[in-house]
Amino acid sequence: MTHVHFDCFSGCAGDMMTASLLDTFEDPQGTLTKLTSYLKFQIPELANEFSTVMKKVLKSDGGIEAKYLEVTSVYGEEVAEIPQTSKPQWKELNADSSLPPFGGSWKTESSVTVEVNKMTGGTVPIAHHPMDHSHSHSHSHSHNQNHNHNHDHDHNNPTRNLPVITALVKNSTLPLVIVNLAISSFTHLAIAESKTHGADSIDSVHFHEVGAVDSIVDTLSVLILLKSPLFLNASTVSCSRLPLGVGTVMTAHGELPVPAPATLRLMKTFTTCAGPKNSNGWSGELVTPTAVSLLRALISEESGWRGGAMPGMKLEKVGIGAGKREYKEFANIMRAMVGVRAQEVEQKFVTTCGGGGWSTPVPVATTPTPTPPPPPPPPPPAACTIDKLCLLSTNLDDCTPEICSFAIEKFLETSLDAWTTPIVMKKGRPALKVEVLCKPDSIDRCLGIFFRELTTLGVRIDRGVERASITRGFKRVETQFGSVDVKYGVIGGETVFIKPEFEECKKIADECGAPLKVVIEAARLEFLKI
């Protein structure tokens, strides 16, 4: 079972999650191109609304390399309306504007504030409701100079609410598991926002986190990378403790501590800690609502994986995603760890976070209900190896045998075996079941043949197939009719399988006029003399 663990050491945001997952692949840039094309194909309504760029960046004063993902909306960073309030108007800051003390903020019109970065003196615009600080704004924010904000950009960003986004996802051709998780994530976020802002219902909430194109793309990208068979196809997910951050933000409701109200509501049932901070004792908001709503949808409370040590697994891949903020004292990164988890129940861990610092995981003192151990599997025969393979299959009632035969030839070029089986489908229609046995790293190539050459819209993927095989080889023997390759199989030094190559025997029989069965038997007997 593939398991993914998110290490949220210094924060967690939607784009950081996506970047860290992309970094687990051998070709992150190629995987991003594939992901973006896949998402635009599955949801055509979003195809012309965004673009993606990934860069290599150095964090923690140039010490750690990570991948930074930027999702750019064609609408810029227009903030969606909040029920019964006016749309925020940004107040321009020119070169004569003086910075307030660290930790303070400017208050502008329509309940918009500007948070001051305690370490750099830079600013981050913050609306009446919390925004995802990992996303860039349409105007450039350099932390080493004053800021001139030009807002002549397009103000036509669709202010999508929960029903609109739910319909958008349901009408897509995404796999059902991704559709359900996406709706769950957006619903968690809508509930938290509606309670925070006192909305009449979750359906009436228009809010930046859900309505902005980049947040929708972040959410769907994470779920596709995690759950699609074309990517990681993870069975389970866990996360480390979520850092609360240190600092405050001034809003229309007064000065509030971080995390912002909606984010804090989403953190319920997650294990948290203070998180890292700079030399001034400050970090700002480290976790975004988009990220926590994703983790809520992906990790059940009953699993015990909402904040803690990584479950025991064989670690296979590690990816590092970067956030936008820069700190000298620590790296603004998160890590994705991909591995194979054992089937047995994992020991649960609990963590303490006293004194606002980091602490060591401690085993929980529990008395588990004893269960009888499963019987051990019978040992394989000597010289027998067991390989983990994948079985792909689809049923076709509208594809000609000629097309299926051509596809089988293509499959055999990249897989271990491929075949068809006559079946009967609904309404008594004669049909063919096409099955392909392949190695896990050949799945993508085989799926491409299924969808390009055959008439199917879906393929079943069984990753739990095991194949036992014995040692095998070929030997060339000389007969009175000619040379023939003989395939043989061995178990524990004993030859248990002998078969002359049919095509070679057939060719020799045609050339010399001997019966085919006599040529085959002659090759077999010559092999036994060796």
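Helices (H or I, at least four residues) and strands (E, at least two) are DSSP runs, numbered from the N terminus. This is a predicted model, so to speak of local features takes pLDDT of at least 70 and side-chain atom pairs count only at pLDDT 80 or more, while totals for chains, interfaces and linings use all residues. Residues are numbered from 1 along each chain as its sequence is written, and side-chain values use heavy atoms, with hydrogens and water left out.

Select Pro259, in the loop between strand 10 (254–257) and helix 7 (261–266). Next pick Asn233, in the loop between helix 6 (213–227) and strand 7 (236–239). Asn233 isn't a glycine, yet has a positive phi of about 50°. For context, most residues other than glycine have a negative phi, and most peptide bonds are trans.

**Stop two: a helix pair.** Show helix 4 (residues 176–197) and helix 8 (residues 289–298): they pack at about 125°, axes 8 Å apart. (Axes are lines fitted to C-alpha atoms, for helices over the stretch in contact, and angles run from 0 to 180 degrees between N-to-C directions.) Helix 4 and helix 8 are therefore oblique to each other; angles under 35 degrees count as roughly parallel, over 145 as roughly antiparallel, 65 to 115 as roughly perpendicular, and the rest as oblique.

**Stop three: the largest pocket.** Which residues lie nearest its centre? Select Thr2, Leu232, Glu316, Pro440 and Arg463, out of 35 lining residues. (On a 1 Å grid over the protein atoms alone, where a 1.4 Å probe fits, a pocket is an open set with protein on both sides within 12 Å along at least five of seven lines; lining residues have an atom within 4 Å of a point.) Helix 2 (28–42) and strand 19 (460–478) are among the elements each supplying at least two lining residues. The lining of the largest pocket has 14 nonpolar, nine polar and 12 charged residues.

Definitions and conventions:
Ala, Val, Leu, Ile, Met, Phe, Trp, Tyr, Cys and Pro count as nonpolar, Asp, Glu, Lys and Arg as charged, and the others, Gly among them, as polar.
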